[in-house]
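Reader: I would like to learn how to read rings and strands in a protein model. Could you walk me through an example?

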Amino acid sequence: MNNKKIKTKGQYYVYLLSNIVEEVNNIKATKTNKEKMLVFLDFLKSESRMCGEKVSDKGIPDNLTNYVSVPYKLLSKMLKRDFKTLVLKPLIDKNIIEVNNSYSNFKGREKCKEYRINPRFINDLEITKECIKSIVIQGEVEQKNTHILSFYKTCTGESIVKDLYYFLDEYNEYLSNLPIDEYILETKEEIGLEYIRFISKKGEYFSLSTEEALKKNGYVIKDKNKYFICDGAKFLKHKVKNKQISAIESVMKLINMDLYANRNSTNSRMDTNFTNLPSAIFEKYKEVNKLVEFDVKNNQFAILAHILPKEVVREDVELFKFLAKRGELYEYVETKLGLRSRQEAKELLICVLFASYRVLDRRIKEVFPNLCEWIKKWKKENGDDGEFPIMLQQKEAEIFVDGVFKTFKKRFGCFLALKHDSVIVNEHKGEEVKKSMQEFFDKIGYECKIN
């Protein structure tokens, strides 16, 4: 894997809300310093989304306005000299960014301030396709010398993307009608925890007993694996806006041919424009480009079943292996626990992988007690801050990137892309590729269900 970074002069895009760009343009500053302001705001936007994604990090998922810890050394490297006066001060004075002066602990090594984009920009924004502005920045560009990117650009270079821009209206309308019930939990049985770690408006954790939380608010909000006590309607409105903004930006990157494909340095997965593209938009992309997608059902758990030590042979472990390999795990848990949907079962099970062993849902522990005990032991010995899912993702990358992708891109002369555990190809090559996937999995002894 060759990920050597080569620095060269060139141009790159930043994507920001148009009302932010307008305010930056009105600041009295040089063109160079305005560009630095835009680069910093784009950095805050990206990092805000990332810190909200992780279960172990504070922050709201899919949110542009989480506080981001930014060390002085990083600021100096990104914005060069006099950045406090020429870049940060104008943004703070104009109330474009906010600063938490309490100083946070950055990855346990460095105390630094936290910054965020002022939420007023989203609160005051009417979401349309035109609310995101793309700006071309001239400067030093880090190019990754990788065959993956070259191959990915070859695959996607002639794909049809203009249809996605018009599809955004339909997609954003769909988001506007998301039911709040999807995020509301009203009983201890639905929540399944005695104590809950909630996130405050500042993005900070605090703990309450489930009983106290329900008594105080009548319900709690669960978004992925994070919990909140707040007004449901306001939460959903903010959530929808952030998802709409992210979708528009993703489509604009494809339209601009602003393509990226790279191996993630943490888990070795392949990250591309498709990785975080909303499912409905990706379905449209496949439809207009006559592509088909093959993925593995409950893949993370099929991989867990694949790597479990042979000495772990209790009855519940064997049941887990059987269900995971057949792709029936989520449906079983949904029925067994009387949950509202397959998606709810999936989120509950994902907590087993991503959450601390200290806060595992008691219902899952009752269904798979010995499996949960083995995972708990693994996390105690190897780390409880995301090491377990990273280990599984690295195994996934070994199977799909180093195995399927690298083998198939030489064998099949067609569009070929990955989206973590799925393979996307031209329709006319679909059955041939699916057959070859199964043959490859059989060869390495990976038992799973291909969709």
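Author: We will look at aromatic rings, then at a strand and its partners. This is a predicted model, in which local features need pLDDT of at least 70, side-chain atom pairs count only at pLDDT 80 or more, and totals for chains, interfaces and linings use all residues. Residues are numbered from 1 along each chain as its sequence is written, and side-chain values use heavy atoms, leaving out hydrogens and water.

Reader: How many aromatic pairs does a search of the whole structure find?

Author: Rings of Phe, Tyr and Trp (its six-membered ring) pair if their centres lie within 6.5 Å; planes under 30 degrees apart are stacked, over 60 edge-to-face, the rest tilted. The search finds 24 pairs. One is F408 with F412, edge-to-face at 5.4 Å centre to centre and 75° between the planes.

Reader: Are F408 and F412 buried or exposed?

Author: Buried means under 20% relative accessible area, exposed over 50%, and partly exposed in between (1.4 Å probe, protein chains only). F408 is buried at 1%, and F412 is buried at 4%.

Reader: Which strands pair with β15?

Author: Strands are DSSP runs of E, at least two residues, numbered from the N terminus; two of them pair if DSSP finds at least two bridges between them. β13 (residues 291–295) pairs with β15 antiparallel over 5 bridges, with F294 opposite V423. β14 (residues 416–418) is also antiparallel to β15, through 3 bridges, and A417 has I424 as its bridge partner. β14 and β15 form a hairpin with 3 residues between them, where H420 in the turn has a positive phi of about 60°.

Reader: How many residues of β15 are buried?

Author: In β15 (residues 422–426), 5 of its 5 residues are buried.

Terms used:
Helix = DSSP H or I, 4+ residues; strand = E, 2+ residues; numbered from the N terminus.
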